[in-house]
Amino acid sequence: MSMANKRRAAALLALGIGSALLTFTAQAAEKKLYLFNWTQYMDPDIISEFEQRYDVDVVQSYFGSLAEMYAKLQAGGDSQYDVIVPSNYFIPRLIQSGLVQKLDKSQIPNLDNVLARFQNPAYDPQAQYSVPYQWGTTGLVYNTETFPDAPQSWSLLFDADVNPSQPFSMMTDGQVMMGAACAWQGQGYDCTDRQAWVDAAKLLLKTKGRRNFTGFADGTPVLQQLERGVSQVGLTYNGDYLLNKSENPEAYEHLKFMLPKEGSELWVDAMMIPARAPHPELAHKFINFILDAKIGAQLSNYNRYSTPNKAAIPYLDEDLQGPPAQPTKEQMAELKFTPSLDGQKLQTFQQIWNEVKSR
C-alpha cells in the first residue's frame, strides 16, 4: 500500500472511530432526563422507578420561583432541560415567548386519564403545550380556638371588626392578594379591571396598616407561625396544610384550612417540554409515566396536593379524596385561575402592587 493510501486508510479509520465515539456519546446522552421542578415536589421513589423502567438517569434541578425559572429558560435553559413544571398563569408567557414546544399527543396515551376540567384550560386552549402535574387551592388557615365562630369569608382577613386584635399575615404573591381583595369587594378573584385593582390596593393598604398585621409570608412559613402561635390567620396552599398536618397532627388540632365563600385561587402546576429540549422523546415518556393511575396517586400521596388524574383517584389516601384536597362542587364554582398578565396590563398591575408593598 502506498503512503498516500495508508494515510487515507488511517484517516478513514480515525473518522470511523470518531463517528463511533460520537454515536456512543449521543447514546450516553440519551440515557439522561433533565427535570426542572419546584423543590420538594417529587417522590424520590417515582424517579427511581422511572430510571429503572427506562434504564436512564434523571438529573433534577430546582427553582424557587417562576421568575427564576423563566430567567433560566431565557438564558439558554430551553436547550438544557427536558421537562419543566410551571404554574398556570406563567404558561401563556412561556408559549408566547417561544420557550416551549407543542406536545406530540400520540406519545402520551395516558392523556385520557386527565380530568375534563383540565383538558381545555383557559391558560392553554386544547392543552397543546401542557399536561397538568398537580393542582390545588389557596385559602386561609386559622386557629379555631381563637376564632370559634369564624365566617367562611375573607372578612377574617380584611374586616377589622371580625379580627380586631389577633395577629395575621398576608402573602407576598401580589396577584393572590389583589385577587383576594377583589373577591372580598365583589369584583371576583380573577379581576383585571384597573379600577378594581385600585380599590383592592386601597383595601390592602388599610389592612396592612392595622396594628395586628405581622407582615408578608408564604406557604410553609405561614404554617410555622400558626403552629407556634405567632400568627392566628394566614394564607397558604391546601397541600402544604395537609402535608404539615400529616407530619405534626397535634399542632393542627385547632388549625383549619378554609376557602372563602367569595372565591379564591384554583391553581395548576403543569409539565411542559422546552423548545430545544435535548431529549424530547424521553420527555414525552416521562409525562406519560406521571399520568399513570398508580404513579399519579403515589405523587399526590407523597406531597398531599390534588391529582388531575381521574384514574388515580381510587388509589389516593382517604384524606385526599375529600375537602380540602378535593373542594366541594359549591367551592369549585367560586374558584378561579389567577389571570395571566402581559404588556401594559402587567406593567399597570406591577405599579399598583409595588405601591402596596412599599408604603
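Phe36 and Tyr81 are both buried, where buried means under 20% relative accessible area, exposed over 50%, and partly exposed in between (1.4 Å probe, protein chains only). The model is predicted, so local features need pLDDT of at least 70 and side-chain atom pairs count only at pLDDT 80 or more, while totals for chains, interfaces and linings use all residues. Residues are numbered from 1 along each chain as its sequence is written, and side-chain values use heavy atoms, with hydrogens and water left out.

A search of the whole structure finds 21 aromatic pairs. Rings of Phe, Tyr and Trp (its six-membered ring) pair if their centres lie within 6.5 Å; planes under 30 degrees apart count as stacked, over 60 as edge-to-face and the rest as tilted. Phe36 and Tyr81 make a stacked pair, 4.2 Å centre to centre with 10° between the planes. Because Phe36 lies in strand E1 and Tyr81 in the loop between H3 and E3, this pair ties together parts that are 45 residues apart in sequence. Helices (H or I, at least four residues) and strands (E, at least two) are DSSP runs, numbered from the N terminus.

Phe118 belongs to the loop between helix H4 (91–96) and strand E4 (131–143), and Trp135 to strand E4, 17 residues apart. Both Phe118 and Trp135 are buried. Elsewhere, ring pairs link Tyr41, Tyr133, Tyr237, Trp267 and Tyr305 into a cluster.

Turning to charges, side chains of opposite charge can pair when their charged atoms come close. Nine salt bridges are found in a search of the whole structure, each being a side-chain nitrogen of Lys or Arg within 4 Å of a carboxyl oxygen of Asp or Glu. One of them joins Asp78 to Arg276, with the closest N and O atoms 2.9 Å apart. Asp78 sits in the loop between helix H3 (66–74) and strand E3 (83–84) and Arg276 in the loop between strand E9 (264–271) and helix H10 (280–290), so parts 198 residues apart in sequence are tied together. Asp78 is buried, at 8% relative accessible area.

Lys285 and Glu281 also form a salt bridge, at 3.3 Å between the closest N and O atoms. Both lie in helix H10, four residues apart, about one turn of the helix. Lys285 is partly exposed at 30% relative accessibility, whereas Glu281 is exposed at 52%.
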